Structures are given as C-alpha cells and as structure tokens.
Amino acid sequence: MTAPDADATTTGDPAPAGTSPSRARHRAADAPDGPPETDGAPGLAPQEQGPPPPAFPGSPTPALPPTPPDGDGRTTQAKLLERLLGARRMRLDLRRRDRFWGWLGTVVVTLLAAAARLWQLGQPHKLVFDETYYVKDAFTLGRLGFEAQWPDEPNPAFEAGDVLTYLDKAAYVVHPPIGKWMIWLGMEAGGGATSSFAWRLSSAIIGILAVFLLVRIARRLFASSTMGIVAGLLLAVDGEAIVHSRTALLDQFLMFWVLVAFGCLVMDREQARRRLAGRVAEILDAGGTVARYGPRLGFRWWRLAAGVSLGLACGTKWSGLWFVAVFGILTVLWDLAARRAAGVGRWWEDSLVVDAVPAFLTIVPTAVVVYLASWWSWFANQGAYLRQWAADHPGEGVTWLPDPLRSLVHYHQQMWEFHTGLSSDHPYASHPLGWIVQWRPTSFFWEKEAPGQGTCPADAADACARAVTSLGNPLLWLLGALAIVATIWLGVRLRDWRALAVLSGTAAGWLPWFAYAPPFSDRTIFTFYTIVFTPFVVLTLVYPMVVALERTEGRRRERGLVVATIVAVLVVILAVSAIFYPLWTGMQVPYSYWQNVMRLESWI
C-alpha cells in the first residue's frame with residue numbers, strides 16, 4: 001500500500017504540476033546535476049557536498065520536477081501544495097463556515113462524551129477489577145514516592161475510607177509509573193483517595209480529551225469537519241471508551257498518549273509537506289532542479305512531540321513499544337511519498353538519508369529519555385523496590401552501568417519475566433482473534449440483589465443487577481471489523497495514504513498480541529486491551545464513509561443515498577449504545593433487563 005501523490009482519491013501517478021512531459025524532459029536534460037542553495041538549507045547542492053551516491057541498477061526513472069506557472073496564475077508553490085496535501089485539504093481551512101461548524105460540532109460531541117463519562121462516576125463505590133492494584137499503587141506512589149505493600153484483604157477498609165493501612169515496605173509492581181501518577185493527580189484534584197469519584201477522575205478527563213482530539217485528528221485526515229465530528233461521536237458513545245473512562249486502569253492512559261503521538265505525526269506530515277513545497281518551489285523558481293536530490297526540511301518539532309508522547313505511552317505500559325515501531329515506519333513512508341510527489345528524482349534515497357535517519361534520532365532517543373525520566377521517583381527513593389539491588393549485589397548484572405541504572409535493568413528483567421511468563425486460568429481470558437468483534441468482553445464488576453436486599457427496592461417485581469462490562473458497542477465493532485477489510489481493499493486500489501494511517505494503530509495495538517496467544521503462548525490476555533486501538537477502529541469505520549462521499553461528489557442522487565446510509569448507521573449505533581449504557585456504568589437495572597441485553601453466552 002503506497003501513498004498517493006496528490007488528493008486522497010487520486011489514482012495513478014499525476015504528472016508534475018504545470019509541466020507537460022515534453023517540456024519536463026527538455027528541462028531535465030538541460031538542468032544542472034543539483035539545485036543551488038537558495039534558503040540556507042544544507043544538502044541542496046551536491047557539488048558542494050561531495051559527489052552523490054551512485055544510482056542502483058534497476059532504479060526507477062525519476063519523477064520530473066514541476067515548473068513555474070505558465071498560464072493558470074498559480075505559483076509553483078501553490079501547485080506543489082495541492083499535489084502534496086490534496087485540493088480538499090487546501091480548501092478546508094479557507095472556509096470560515098466550515099471552521100465554525102467544525103468547532104461547534106467538536107464542542108457538542110465533547111460535551112456528550114463528558115456527560116457519558118462523568119455522570120455518577122463514583123458508582124459503584126468499590127475497587128472494580130484491576131483498580132484493586134492501580135488505585136492503591138497510585139495512592140502510595142503519590143504519598144511515598146514508590147508503590148507500597150498492603151495487608152491482606154485491604155479493599156473493604158480502603159473503600160470505607162481507611163486508606164492509611166499500607167505497609168512501610170515497597171511492593172513489586174510490573175508496570176511503569178506514568179499511568180499511576182496520572183491516577184494520583186486525579187485523586188488530588190477530586191477530593192482524595194477516600195472518593196471513588198477521585199479514583200476515576202483522571203480516566204474520565206483523559207477519555208473526554210481523547211474524543212476532542214479524535215475529532216480534530218479525523219478532520220485533518222479526511223479534510224472534512226463533518227466526518228471529524230462523526231469520528232468523535234462514535235468514540236464518545238462506544239462502550240470500551242466509556243468503561244475505561246469510568247475505571248482507573250492503565251490502558252486508558254496508554255490509549256491517550258498513543259493518540260496524542262498519532263496526532264502529532266499527522267501534524268508533522270502536513271507541516272513537512274508545506275515546508276517541502278516551499279523549499280522545492282524556491283529552487284525551481286530560481287532555475288534549479290530537484291531531478292536528483294531535494295532540500296532538507298530542518299528540525300521537526302511535531303516529531304519531537306510524538307517522541308515525547310510515545311515515551312509517556314511506554315512509561316504507562318510496555319505495549320507502547322509497538323506503536324514506536326509502527327508509527328516510526330509510518331512517518332518515514334509519508335516522507336518517501338512526499339519527496340516522490342514533489343518531483344525529487346532519487347526520492348527513495350533522499351528520504352532515507354535526510355528524513356528517515358533524523359526521524360529515528362528524533363523519536364527513539366526522545367522516547368527512551370522520557371521513559372527513563374518517568375522513573376524519577378524510583379531513582380529518588382532509596383526504599384523503592386530493588387532500588388538498592390546493585391549495592392547489595394556487587395559485580396552482578398550489567399556491571400558497566402552506574403548502580404542506579406544497574407538496579408533498574410535488573411528490575412526490568414524481573415518485569416519482563418513476569419509479563420512473558422504470566423499464564424493462569426481466568427474466566428475472562430480471551431484470544432485476540434475475537435477482540436475485533438468483542439466476542440469475549442471482560443466483566444469488571446457484577447452484582448445481583450434480591451428485592452429488599454441492599455439498594456434493590458422491596459417492591460421490585462424482579463431482582464436487581466448492576467454491571468460494569470468492558471464491552472464495545474457490538475454494532476460499531478462488527479462494522480469496524482468489516483471496515484478493516486474494506487479499508488485494506490480501498491487503500492490498495494486507491495493508493496490512499498489515509499488507509500495506511502487509520503490501520504496503523506489497530507496493527508500496533510492488536511496484531512502483536514497474537515504472539516502471546518495459542519498456539520504460540522499461553523499468556524493470560526483480555527479483550528479490554530482493545531481500548532488502546534479503539535480510536536483507530538473508529539477511524540477505520542469512518543474511512544469507507546469518507547471515500548463513499550468523495551466518490552459520489554457532484555452526483556446528487558448517489559450522494560444522497562450515501563448520506564442517508566451513514567445517518568442510518570449512526571442512529572442505530574447510538575440506539576445500541578443507549579441500550580448498553582446501564583451495563584457499562586454500573587446502573588441498577590432489573591435482572592431481566594441485564595439478561596435480555598447480554599444475549600450472547602460469551603458475553604456473560
């Protein structure tokens with residue numbers, strides 16, 4: 001799957017902007033070997049940098065460079081921008097009405113997400129599922145600087161408000177600290193550890209921000225404010241997103257930092273292409289050529305921000321590493337396509353040298369430094385788990401490292417052994433094959449009370465049930481699974497960069513887990529891990545809608561049918577979310593209601 005050179009719906013290789021084939025060949029024949037330096041960017045003049053690398057046998061014929069305007073009134077830069085960003089993207093920010101409705105829709109969808117996530121956030125007032133680990137770990141991390149051990153059966157006392165029963169001894173924990181620090185910040189802002197609302201406040205805020213971000217990211221991906229709003233709406237009402245926004249688990253924060261990193265790279269793609277168009281235009285307008293090599297683009301701050309975000313993702317859970325790899329490849333592919341579209345002759349070699357190497361050096365070391373910095377409290381506290389291991393074991397481990405890092409490496413070796421060797425029976429363990437359709441969701445909390453028992457009314461005709469089930473909207477996920485197939489097909493057929501973009505997060509968040517499932521491994525894994533790529537499932541579902549709208553533009557009848565179909569799908573998805581919402585949020589419902597909604601045996 002390769003990226004198109006111009007608009008997302010373009011097929012084939014468009015001719016260079018403003019250049020007829022005969023003129024372009026004549027110009028290339030008369031052009032010097034390399035363009036002169038025109039803007040102070042290094043690497044523009046091969047004669048000043050030494051001889052260029054030799055061409056490889058079988059190299060493709062270089063794309064011919066665009067020329068200055070010759071009659072349509074547009075500048076070389078304008079033509080290049082249209083080729084690199086697409087006409088729709090160029091028009092998007094020029095329409096004031098579109099910007100107004102885009103921001104209004106963003107606010108409305110974000111408010112809907114806030115209502116779904118904040119309403120009765122403190123219910124149930126119990127540590128549900130893995131909150132039993134992360135809430136208490138976050139509390140002691142904030143108070144002591146490290147996660148402390150607790151006495152046997154500490155949850156009833158903690159839930160009752162006695163939160164100071166922890167022991168003066170470090171606990172062995174198997175996840176980095178960023179997510180727990182974020183939970184602690186919510187506790188501090190929301191009233192302290194005695195409040196279940198405060199336990200979950202950070203998760204809720206992050207979930208709301210994720211909806212906001214997805215609207216703006218989708219708007220740029222699809223060059224459509226309307227479809228950006230549709231993407232945000234789908235995330236706002238999905239069950240996985242709602243449940244994780246109302247539960248203090250680490251995966252919510254992993255999802256957020258991954259989404260931030262993706263958004264930064266989308267911004268970097270656009271900024272880099274604008275910069276490339278400007279610098280190539282300067283060269284061409286000055287009589288130079290990019291028939292062999294193009295300009296350097298300077299330091300790319302959005303890439304640095306992506307590296308920081310990916311470091312924070314890895315500092316939440318190690319599975320963020322897969323996103324470092326996949327997103328790194330994605331941004332390099334975007335640069336390859338950009339230089340080819342800009343008319344750079346040896347685009348593949350040029351991009352690998354002046355784009356790929358700096359991309360690696362910007363993203364990977366930044367992520368490593370941020371990850372190490374996330375352990376600052378562990379370094380600062382001598383009582384943290386294994387903090388003194390190196391001092392107690394001279395000559396062991398990675399001996400050339402300073403003692404604090406040697407201790408941290410040993411700690412990470414233990415964490416790795418835990419994660420790779422985790423294998424135990426669990427009623428909600430699931431195979432990744434079923435994740436994409438939410439076949440075996442994870443029950444976080446379930447409670448049944450007879451009439452007159454607990455909070456169930458004495459005059460109730462049926463027993464009462466309360467559930468928090470990490471189950472995505474079944475219709476949304478089923479359509480999302482079908483959309484993955486459609487997106488792969490469309491991406492290959494249209495050579496559309498957006499298809500690869502929306503699939504990248506699902507690939508990074510889902511596919512690696514197959515290596516930890518039978519027949520390769522017996523590691524215990526759960527469907528709720530899908531929260532990390534839920535935004536990308538939404539983007540993948542929206543993508544075929546976008547293509548259908550674009551392909552029917554100007555054909556009123558067909559477009560009306562496409563719009564009606566999209567609206568019908570959204571209405572049904574919203575109705576399904578309304579039905580499932582009580583079972584995502586721990587609302588008390590009749591037991592028969594729970595039975596009727598949880599139709600599949602694999603859901604129970």
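Predicted model: local features only at pLDDT ≥ 70, side-chain atom pairs only at ≥ 80, totals over all residues.

Student: How many helices and strands does the chain have?

Tutor: It has 23 helices and three strands.

Student: And in what order do the strands sit in the sheet?

Tutor: The order is β1-β2-β3, in an open sheet with antiparallel pairing. Two strands pair if DSSP finds at least two bridges between them. The edges are β1 (442-449) and β3 (588-590), each pairing on one side only.

Student: How many bridges join β2 to β3?

Tutor: Three, with β2 covering residues 464-470. Cys-464 faces Pro-590 in β3, and Arg-466 has Gln-588 in β3 as its bridge partner. On the other pairing, β1 and β2 are joined by seven bridges, and Glu-449 stands opposite Cys-464 in β2.

Student: Is β2 enclosed or open to solvent, going by its buried residues?

Tutor: Seven of the seven residues of β2 are buried, so the strand is largely enclosed by the rest of the structure. Buried means under 20% relative accessible area, exposed over 50%, and partly exposed in between (1.4 Å probe, protein chains only). Cys-464, Arg-466, Val-468 and Ser-470 point one way from β2, with Ala-465, Ala-467 and Thr-469 pointing the other way.

Student: Which helix lies across β2 and β3?

Tutor: That's α22 (residues 556-584), running at about 100 degrees to β2. Contact means heavy atoms within 4.5 Å. Axes are lines fitted to C-alpha atoms, for helices over the stretch in contact, and angles run from 0 to 180 degrees between N-to-C directions.

Student: Switching topic: how many salt bridges does the structure hold?

Tutor: There are 20, a salt bridge being a side-chain nitrogen of Lys or Arg within 4 Å of a carboxyl oxygen of Asp or Glu. One of them pairs Glu-447 with Lys-126 at 3.0 Å, N to O. Glu-447 lies in strand β1 and Lys-126 in the loop between α5 (96-118) and α6 (131-144), so the pair ties together parts that are 321 residues apart in sequence.

Student: Are those two buried or exposed?

Tutor: Glu-447 counts as buried, at 17% relative accessibility, while Lys-126 is partly exposed at 32%.

Student: Which residues are linked in a network of salt bridges?

Tutor: Asp-268, Arg-300, Arg-303, Asp-335, Arg-339, Asp-350 and Asp-355.

Student: Last one: which residues make the nonpolar surface patch?

Tutor: Val-437, Trp-439, Leu-478, Leu-482 and Leu-600, for about 460 Å². Patches are made of residues with over 30% relative accessible area and no salt bridge; like charges are joined within 9 Å, nonpolar side chains (Val, Leu, Ile, Met, Phe, Trp, Tyr) within 5 Å. Accessible areas come from the Shrake-Rupley method with a 1.4 Å probe, and for residues only the protein chains shown count as cover. Leu-482 sits in helix α19 (residues 474-494) and is exposed, with a relative accessible area of 54%.

Terms used:
Residues numbered from 1 in each chain as written. Heavy atoms only, no water. Helix = DSSP H or I, 4+ residues; strand = E, 2+ residues; numbered from the N terminus.
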